[in-house]
Amino acid sequence: MVYKFDFLIIGAGVAGMSYALKVARAHKGKVCMICKTSLDEANTSFAQGGVASVTNLELDNFDKHIEDTMIAGDYISDPKAVE
């Protein structure tokens, strides 16, 4: 079986999905998107998103929040940016 497409998008992350949507909405041609699993297993669907912040000083503090953010970023985040 042979399939023909005008665009082949490899990866179902935010960039791939947004590009596929733009191409489809512009009616530029047929789009094929492939990813290593299913679309709902792609990292984008697992992303928590949003903005984390300290909202209750009785339960949290800025030092803990900064440390949690550095841990989540595997200590490669810029500490000044995190602060």
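My entries follow, topic by topic.

Ground rules: this is a predicted model, where local features need pLDDT of at least 70, side-chain atom pairs count only at pLDDT 80 or more, and totals for chains, interfaces and linings use all residues. Residues are numbered from 1 along each chain as its sequence is written, and side-chain values use heavy atoms, with hydrogens and water left out.

**Aromatic pairs.** I looked for ring pairs (Phe, Tyr and Trp, the latter by its six-membered ring, centres within 6.5 Å; planes under 30 degrees apart are stacked, over 60 edge-to-face, the rest tilted). The structure holds two. Y3 and F5 are stacked, at 6.5 Å centre to centre and 25° between the planes. F7 and Y19 are edge-to-face, at 6.3 Å and 70°. Helices (H or I, at least four residues) and strands (E, at least two) are DSSP runs, numbered from the N terminus.

**Exposure.** I used under 20% relative accessible area for buried, over 50% for exposed and partly exposed in between (1.4 Å probe, protein chains only). Y3 is exposed at 59%, while F5 is partly exposed at 40%. F7 is partly exposed at 21%, and so is Y19 at 41%.

**Cysteines.** I found zero disulfides in the whole structure, taking cysteine sulfur atoms within 2.5 Å as the test. C32 is buried at 16%; C35 is partly exposed at 27%.

**H65.** I placed H65 in helix α3 (residues 62–72), buried at 17%. Not counting residues up to four places away in sequence, H65 touches A52, S53, V54 and D60 (contact: heavy atoms within 4.5 Å).
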